[in-house]
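Here is a short report on one protein model. Keep the sequence and the 3D view open as you read.

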Amino acid sequence: MARILGGVTSSHIPAVGNAIANNLTQEHYWKRFFDGYGPAQEWLQKVKPDIVIVVYNDHGLNFFLDKVPTFALGCADMYHNADEGWGLKPVAPFQGDAEFSWHLAESLVEQEFDICTCQEMLVDHGFVNPIRALYGTHEKWPVKAIPLAVNTVQHPVPTAARCLKLGRALRKAIESYPEDLKVVIFGTGGLSHQLQGERAGLINIEFDLECVEKIAHEPEWMTKFTNAEIMELAGTEGIETIMWLVMRGALQDDAKLIHKHYHAPISNTGAGVLVMENAA
Ligand code: DHB
Ligand code: FE
């Protein structure tokens, strides 16, 4: 049967792709941020997942504002990155697993998560940069990857509670797949940031640190906030943090915290990393 080994969360700042592509990761500005990924990289090398499910939001590359699915699952065997900022060369394409994706889609719909299924999907910085920060640069990626997009861009955005439930449904979906697959879930985005309007530049370190702690140990805490309250506290783009709850819901309730890191500001964001592991 497929098994969930654990989960990793990470911000997905576009400037990270530029820092990696231009060898800036050891410069003073970036060093502490990238140091936060060391234990996560080591954990991934130790547990060696066959496939990662990357929960992220599309930022207008694959879906534009005219058509925005609340939840969309990649059901392809290959996913291409496209240049959507910084003038960077797209990274190598990612191998998916369409058969596994269709199983997930079927199980999620049976569990009343009526997701959009995508047989073609371009992936942006939300998907690519956490993988680059966690696996380095490759011409052929050492792991398969499946995109699971959550709308955090255009109102109405799903609630934190809904994201936690999606994670729990995803857990059931994965664990009912008959093939022996080792799966890790990445939750990306956040933490606090706002890129627009009068409050552009907002970062809330106190709230971020509480989110990191509570998502690890008491994820229901986050579901008491409305999306408006989260945006008030964490900025409009800080709402991306709800995607960490999809990762958390997919793990065992008592999954073990292996690593956490926080760094602010980096680019416009308060950035965090969590690594959590399921018991065998
Ligand atoms: C930044 C962060 C994001 O999550 C994003 O999608 C775009 C920009 C930033 O910090 O600059
Ligand atoms: Fe983002």
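## The iron site

This is a predicted model. Start with the iron ion (ligand 2). Its protein donors are His12 (NE2), His59 (NE2) and Glu240 (OE). Along the chain, the donors follow the spacing H-x46-H-x180-E. His59 and Glu240 link distant parts of the chain, 181 residues apart. His59 sits in the loop between β2 (51–56) and β3 (71–74). Glu240 sits in the loop between α8 (227–234) and α9 (242–250).

His59 has a relative accessible area of 31%. This value falls between 20% and 50%, so His59 counts as partly exposed.

## Helix α1

Helix α1 covers residues 14–21. Six of its eight residues are buried, so the helix is largely enclosed by the rest of the structure. The buried ones are Ala15, Val16, Gly17, Asn18, Ala19 and Ile20. What do they pack against? Their partners are α2 (28–35) and α5 (125–135). Just after α1 comes Asn23, with a positive phi of about 55°.

## A three-stranded sheet

Now find the open sheet of three strands. Its order is β5-β4-β7, and the pairing is mixed. β5 (94–95) and β7 (122–123) are the edge strands, and each pairs on one side only. Strand β4 covers residues 78–81. Two bridges join β4 to β7, and these strands run parallel. Asn81 stands opposite Val123 in β7.

Strands of a sheet pair through backbone hydrogen bonds, either parallel or antiparallel.

## Two pockets

The largest pocket holds about 500 Å³ of space. How many residues line it? The count is 31. Nearest its centre lie His59, Val153, Leu195, Glu237 and Glu240. By type, the lining of the largest pocket has 12 nonpolar, 17 polar and two charged residues.

The second largest pocket has a volume of about 160 Å³. Its lining includes Ala21, Leu88, Lys89, Pro90 and Val91. Arg132, Thr137, His138 and Glu139 are also among the lining residues. This lining divides into five nonpolar, two polar and three charged residues.

Methods. Residues are numbered from 1 along each chain as its sequence is written. Chains are lettered from A and ligands numbered from 1 in the order in which they are written. This is a predicted model: local features need pLDDT of at least 70, side-chain atom pairs count only at pLDDT 80 or more; totals for chains, interfaces and linings use all residues. Side-chain values use heavy atoms; hydrogens and water are left out. Buried means under 20% relative accessible area, exposed over 50%, partly exposed in between (1.4 Å probe, protein chains only). Helices (H or I, at least four residues) and strands (E, at least two) are DSSP runs, numbered from the N terminus. Contact means heavy atoms within 4.5 Å. Two strands pair if DSSP finds at least two bridges between them. Donors are N, O and S atoms within 2.8 Å of the metal (3.2 Å for Na, K and Ca); water is not among the atoms, so sites may look incomplete. On a 1 Å grid over the protein atoms alone, a cavity is a set of points where a 1.4 Å probe fits but cannot get out, and a pocket is an open set with protein on both sides within 12 Å along at least five of seven lines; lining residues have an atom within 4 Å of a point. Grid points are joined across faces, edges and corners, and a volume is the space filled by probe spheres set on the points. Ala, Val, Leu, Ile, Met, Phe, Trp, Tyr, Cys and Pro count as nonpolar, Asp, Glu, Lys and Arg as charged, and the others, Gly among them, as polar.
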